[in-house]
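The structure is shown first.

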Amino acid sequence: MMTEGKDLLTVLWSGADVLRGKMDANEYKTYLLGLVFYKYLSDSYLVKVYDLLNDAKPDSLDEAQSVYEEAMKSDDATDLLEEIKNSMHYTLDPDMTYISMLNAAKNNLFSREKLQAAFNRIEESDELFNGLFADVDLYSNRLGTGDQKQSATIAEVIKVLDGADLIHTKGDVLGNAYEYLIGQFASETGKKAGEFYTPHGPAQILCRIVMVGQEQKKGLQVYDPCMGSASLMLSCRNYSKEPDFIKYYGQELMPSTYNLARMNMFLHGVLPENQHLRNGDTLDADWPTDEETEFDAVTMNPPYSANWSAAEGFKQDERFMDYGGKLAPKSKADYAFLLHGFYHLKQTGTMAIVLPHGVLFRGAAEGTIRQILLENGSIYAVIGLPANMFYNTSIPTCIIVLKKHREGRDVLFIDASKLYEKEKKQNVMQEKHIDHVLELYCNRVSVDKEAYLASFEDIKANDYNLNIPRYIDTGEEEQEIDLHQLSESIKTTNKEIKEGNAVLLEMLEDLTFSKQETKDAVEELISVLRGV
């Protein structure tokens, strides 16, 4: 029985080896993560069936499969399926389970049609699963040429994943393993990874900041309108005393990434009633607009300086209408994302967003929006991150922390640009770096070369420019020069030069020459050395 996270990671990641070389990481991540999720649903299903029939857990999935096959031959099969559907939200025929597919694969009888039928059954069982496996194309030429090779590739992945016990893993081990896979794919994918993954360091800082003071809250509501794989929102669980009661609200533009987020939620054990996820364009139309519209914690890592329409109609949009009639520029949607998230923040909540440094000092419409946010006391802290942290850009970024209706208008600046270690292609923030940033953030006092608590008067005097070097001087003082020591050093150097020249002259004068041209050149050098 496998319970160790390291073993689970090894097995899951080895599934990628079957697909690597046939397609790039951005494509094969869809197959591996989709098949892992299918195995999880199937295995959970069989364990539930066995429990309903025997009020116990099975010793193995093979045993659960046999019991299910027998039960489906009985007169009570319809009642059993109805009971399973009510608790699991989906049903599978005995020949649609992962164990059935695995046994077929081992006997060279694997059928892609059967697996596709299983995907279809799950998707059609409940609105929760609509289109969940849409990106797992079992008939793609990237799996190989011809039906036999394509089937063999999928069958091989299924056999490899058999080593992963997804049912007996403890706590968040499975969810963390899934996060690990997503991170590994992000590393291999490079620039495309920005669509679905925020690296560990910035992610933990964002989540820990929005959770400060809200750790004990039961029924906490977390919102990420650019959720990617939902990793940011799910990280908030790590800092909550009531993680099972957190409600998640997230939106994602890319359908494949949206599906990844849904899978990620289930694999972290989030109950269906606590998942409120949507596939849509965050800036195009506001969401959510009914039921819950304000949230305790808002986390965001939107696409940097993206294009958006900035249409005149947005000036009447409640999200953007209170900022001097100005909208974020068409070529830089950074403040559009920020204002969208801020609009959905509760009066008592905290928002943290990652953006490029340009938002701190650019003028025109962005300058006006920034000034109004500062005048309202909405900007609580600015944290400068190291460069080359993200897979989709090497530029340095910053975290802006916002709150509503707080007392005071001071802003805490933190320079964390040197808090990293270089690993392979990326700079990585270790736990000690993350802890130090949180310590500076919570203490909220000025620390030489690291943090500065700027008054509103400071900021106003700087024309509402939030560029971090204006407030934190990280330059190193030059050491004082000891002139006496310098003089002695120069004397010693001059003496050594003279002694060296004397030795060189002696050697040159002992030379003989076969060519007059060479002799003339050496004599010219000798005269130069004698003149020194």
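## Basis and helix H5

A residue counts as buried under 20% relative accessible area, exposed over 50% and partly exposed in between, with a 1.4 Å probe and protein chains only. Helices (H or I, at least four residues) and strands (E, at least two) are DSSP runs numbered from the N terminus. The model is predicted: local features need pLDDT of at least 70 and side-chain atom pairs count only at pLDDT 80 or more, while totals for chains, interfaces and linings use all residues. Residues are numbered from 1 along each chain as its sequence is written, and side-chain values use heavy atoms, with hydrogens and water left out.

In helix H5 (residues 98-106), the buried residues are Tyr-98, Ile-99, Met-101, Leu-102, Ala-104 and Ala-105. Asn-108, which follows H5, has a positive phi near 55°.

## The largest cavity

A cavity is a set of points, on a 1 Å grid over the protein atoms alone, where a 1.4 Å probe fits but cannot get out; lining residues have an atom within 4 Å of a point. Grid points are joined across faces, edges and corners, and a volume is the space filled by probe spheres set on the points. Two cavities of 30 Å³ or more are found in the whole structure, and the largest holds about 110 Å³. Helix H2 (25-54) and helix H11 (255-267) are the elements that give two or more residues to the lining of the largest cavity.

That lining comprises six nonpolar, four polar and two charged residues (nonpolar: Ala, Val, Leu, Ile, Met, Phe, Trp, Tyr, Cys and Pro; charged: Asp, Glu, Lys and Arg; polar: the others, Gly among them). Among the lining residues is Gly-34, placed in helix H2 and buried at a relative accessible area of 1%. Beyond its neighbours within four places in sequence, Gly-34 is in contact (heavy atoms within 4.5 Å) with Lys-29, Phe-133, Val-136 and Met-263.

## The sheet and its helices

Nine strands form an open sheet of mixed pairing, in the order E3-E2-E1-E4-E5-E7-E6-E8-E11; two strands pair if DSSP finds at least two bridges between them. Strand E3 (275-279) and strand E11 (451-454) are at the edges, each with a single partner strand, so one side of each has no neighbour in the sheet. From one strand to the next, the twist averages 10°.

Strands E6 (residues 379-384) and E8 (residues 411-415) run parallel and are joined by four bridges. Ala-381 has Leu-412 as its bridge partner in E8.

Axes are lines fitted to C-alpha atoms, for helices over the stretch in contact, and angles run from 0 to 180 degrees between N-to-C directions. H11 lies across strand E2 (247-252) and E3, at about 170° to E3.

Note on methods
1 Å grid on protein atoms, 1.4 Å probe; cavity = no way out; pocket = protein on both sides within 12 Å on 5 of 7 lines; lining within 4 Å.
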